[in-house]
Amino acid sequence: MSFYRYSEPEKRILLTGTTTVGIKCVDGVVLATDRRVTSGYFIAHKHAKKIWKIDDHVAATMSGAVADVQKILDRLTTQANYYKLTTRRPISVRALASLASLLLFNARPYIYLAHIILAGVDDEGPQIYTVDWFGTVTEERDYIATGSGSPTALGVLEDRYYPGITVKEAIEVAIRAVYSAMRRDPGSGEGIDVAYITREEGYRELTDEEVRKYLERSRRVES
């Protein structure tokens with residue numbers, strides 16, 4: 001999460017925090033985030049939920065200014081529900097990414113401080129998109145990380161991701177990526193949230209106990 005700190009007239013500094021991760025798998029997608037919310041060097045919240053369920057087949061991560069990201073994701077959720085109600089079928093992940101892009105682009109010359117990982121499974125298969133505060137949409141081929149802890153998280157993803165990875169395998173990789181970022185980035189911490197989406201199970205979140213077991217298994221493999 002982030003905010004603006006004003007230090008001098010007409011001068012402002014963007015301070016950022018958090019770590020969010022998205023991985024595309026052969027059978028679905030995995031999202032993982034930390035729980036810390038920062039306001040500069042102050043820890044404003046220790047149990048924030050940064051994974052937002054939009055529908056049973058699609059979800060998003062939250063990175064940026066809290067209110068801005070919540071507004072965008074609330075609009076996406078409303079639109080997804082309306083589309084399903086009127087057409088009797090779920091909205092595509094690509095359409096939601098395009099809508100997020102329009103909402104962010106049309107806010108100019110002002111901007112929403114929002115950097116979103118949008119991931120889901122539809123008729124086109126597993127998909128991951130990132131949308132930044134200017135409305136730029138990027139379809140991710142394999143994986144992505146955002147936030148101040150993303151350099152560390154991306155290092156883990158680069159090392160451990162491989163083509164053909166399954167959701168079960170990617171969960172451990174995502175947890176390890178966020179955990180490594182938490183150990184090195186002061187803007188990330190307080191625990192890990194993980195969710196995955198498959199065609200068979202839809203959207204599902206892991207419990208704290210399940211996350212702990214994945215993390216312990218990862219440590220045993222390393223030792």
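Me: Why is D55 called buried in this predicted model?

Reply: The relative accessibility of D55 is 5%. Buried means under 20%, so D55 counts as buried.

Me: What makes the contact between D55 and K84 a salt bridge?

Reply: The closest N and O atoms of K84 and D55 are 2.9 Å apart. A salt bridge needs a side-chain nitrogen of Lys or Arg within 4 Å of a carboxyl oxygen of Asp or Glu, so the pair K84 and D55 qualifies. The pair also links distant parts of the chain, with K84 in helix 1 (residues 66-87) and D55 in strand 7, 29 residues apart.

Me: Is K84 buried, partly exposed or exposed, and how do you know?

Reply: K84 has 32% relative accessibility. Buried stops under 20% and exposed starts over 50%, so K84 is partly exposed.

Me: How do you know that strand 7 pairs with strand 8?

Reply: Four bridges join strand 7 to strand 8 (residues 58-61). Pairing asks for at least two bridges, so strand 7 and strand 8 count as paired. The two strands run antiparallel, and a hairpin joins them through two residues. D55 takes part in this pairing too: its bridge partner in strand 8 is V58.

Me: Why is the contact of E205 with K49 called a salt bridge?

Reply: The N to O distance between the side chains of E205 and K49 is 2.7 Å. The cut-off is within 4 Å, so this pair is a salt bridge.

Me: What does the pair of E205 and K49 tie together?

Reply: E205 lies in strand 14 (residues 202-205), while K49 lies in the loop between strand 6 (42-45) and strand 7 (51-55). The pair therefore ties together parts that are 156 residues apart in sequence.

Me: Why are E205 and K49 called partly exposed?

Reply: E205 has a relative accessible area of 34%, and K49 has 47% relative accessibility.

Me: What makes R204 and E210 a salt bridge?

Reply: Their side chains meet at 2.8 Å, N to O. With a cut-off of within 4 Å, the pair R204 and E210 is therefore a salt bridge. R204, at 29% relative accessibility, counts as partly exposed, and so does E210 at 25%.

Me: How many salt bridges does this rule give, and which residues form a network?

Reply: The count comes to eleven salt bridges. R35, D193 and D208 are linked in a network of salt bridges.

Notes: Residues numbered from 1 in each chain as written. Predicted model: local features only at pLDDT ≥ 70, side-chain atom pairs only at ≥ 80, totals over all residues. Heavy atoms only, no water. Buried < 20%, exposed > 50% of the residue type's maximum accessible area, 1.4 Å probe, protein only.
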